[in-house]
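Please keep the structure in view while you read.

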Amino acid sequence: MKPKLIYQKLYTSFGPQHWWPGETPFEVMVGAILTQNTSWQNVEKAIKNLKKARVLTPDKLYKTSHKKLAALIRPAGYFNIKAKRLKNFLKFLSKSYNNNIKRLSSGDAKVLREELLLVNGIGPETADSILLYALNKPAFVVDAYTKRIFSRHKLIKENSSYEEIQGFFKSKLSSDVKLFNEYHALIVKLGKDFCLKRKPRCKLCPLG
DNA sequence: GACCAGGCACATC
DNA sequence: GATGTGCATGGT
């Protein structure tokens, strides 16, 4: 089955997913770091804490102490390391872009991706999530579900690298922000509902 | 109580 | 380049 057809099947089954769940680009970027290897449900609690404490802006979050920040994001797990990663990102945002999100989003996507990857704590998936969902750049996001689902359906090798999998999708799809947005969200929906780690395939899977 | 969740860096071979 | 490990909460 071709990637485009799979997309159509998923869209028909599940409908639009309205991603990313976040009110502002900055909130999306923070969420992208907090959700690393963590369920979104837990991330929501952390973001709620940040909002309640009124620190969910680049400058205020950067000024928040490590101890306080870690305590606020505690529900998202790995709170010590994620507090550091957030600070690393905030330092980059401040030093390189003067906390100007508009200037950030007007930059060249390829350059920006490289800059993000230089931040300790931001890997390929987090970088692409930020590019796609916060800055509206056509970056195809690859995650654990993508690997699992597409290798089980024999479309990619099980040991393919991130770049290989991303290349596969980019070569088969038009470079369209809306499409990339919806496709990744639908993959996550499918993964959560049907493609569990220990269950090789599911009879109810819309892909058969 | 085990397993899992929208990763990443780092050590070691 | 591949493989193993630490990081941690909360839901099922």
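## The surface near DNA strand B

In this predicted model, DNA strand B is surrounded by 25 residues, and the closest of them are Gln36, Asn37, Gly123, Thr126 and Ala144.

When the residues of the surface near DNA strand B are sorted by class, they divide into nine nonpolar, eleven polar and five charged.

## The surface near DNA strand C

Which residues surround DNA strand C? They are Asn37, Thr38, Ser39, Gln41, Asn42, Arg74, Pro75, Gly77, Tyr78, Phe79, Asn80 and Ile81. The elements that contribute two or more residues to the surface near DNA strand C are α3 (40-52) and α6, with α6 giving the most, namely three residues.

By class, the surface near DNA strand C is made of four nonpolar residues, seven polar residues and one charged residue.

## Helix α2 against helix α6

Two packed helices are described by the angle between their axes and the distance between the axes. For helix α2 (residues 25-34) and helix α6 (residues 79-97), the axes come within 10 Å and cross at roughly 140°. Angles over 145 degrees would count as roughly antiparallel, and 65 to 115 as roughly perpendicular, so α2 is oblique to α6.

The crossing in which α2 passes α6 is right-handed. On the α2 side the contact involves Val30, Ile33 and Leu34, which meet Lys82, Arg85, Leu86 and Phe89 in α6. Sorted by class, this contact of α2 with α6 has five nonpolar and two charged residues, and no polar ones.

## Helix α2 against helix α3

Helix α2 also packs with α3, at an angle of about 130° and with the two axes 10 Å apart. These two helices are therefore oblique to each other, and α2 passes α3 in a right-handed crossing.

Here Glu27, Val30, Gly31 and Leu34 in α2 meet Val43, Ala46 and Ile47 in α3. The contact of α2 with α3 has five nonpolar residues, one polar residue and one charged residue.

## Backbone features in the loops

Most residues other than glycine have a negative phi, and most peptide bonds are trans. A cis peptide bond joins Trp19 and Trp20, where omega is about -5°. Of this pair, Trp20 lies in the loop between α1 (3-14) and α2.

What is the phi of Tyr78, a residue other than glycine? Its phi is near 45°, a positive value, and Tyr78 is placed in the loop between α5 (66-72) and α6. Tyr78 is among the residues that surround DNA strand C. Because 16 other C-beta atoms lie within 10 Å, Tyr78 is partly exposed. Asn99, also a residue other than glycine, has a positive phi near 60° and lies in the loop between α6 and α7 (101-105). Asn99 has 16 other C-beta atoms within 10 Å, and so Asn99 is partly exposed.

Methods:
Residues are numbered from 1 along each chain as its sequence is written. Chains are lettered from A and ligands numbered from 1 in the order in which they are written. This is a predicted model: local features need pLDDT of at least 70, side-chain atom pairs count only at pLDDT 80 or more; totals for chains, interfaces and linings use all residues. A residue is near a molecule or strand if its C-beta atom, placed from the backbone, lies within 6 Å of it. Ala, Val, Leu, Ile, Met, Phe, Trp, Tyr, Cys and Pro count as nonpolar, Asp, Glu, Lys and Arg as charged, and the others, Gly among them, as polar. Axes are lines fitted to C-alpha atoms, for helices over the stretch in contact, and angles run from 0 to 180 degrees between N-to-C directions. Helices (H or I, at least four residues) and strands (E, at least two) are DSSP runs, numbered from the N terminus. Angles under 35 degrees count as roughly parallel, over 145 as roughly antiparallel, 65 to 115 as roughly perpendicular and the rest as oblique. A crossing is left-handed if the near helix is turned anticlockwise from the far one by less than a right angle, and right-handed if clockwise. Two residues are in contact if their C-beta atoms, placed from the backbone, lie within 7 Å. A residue is buried if 20 or more other C-beta atoms lie within 10 Å of its own, exposed if 12 or fewer, and partly exposed in between; C-beta atoms are placed from the backbone.
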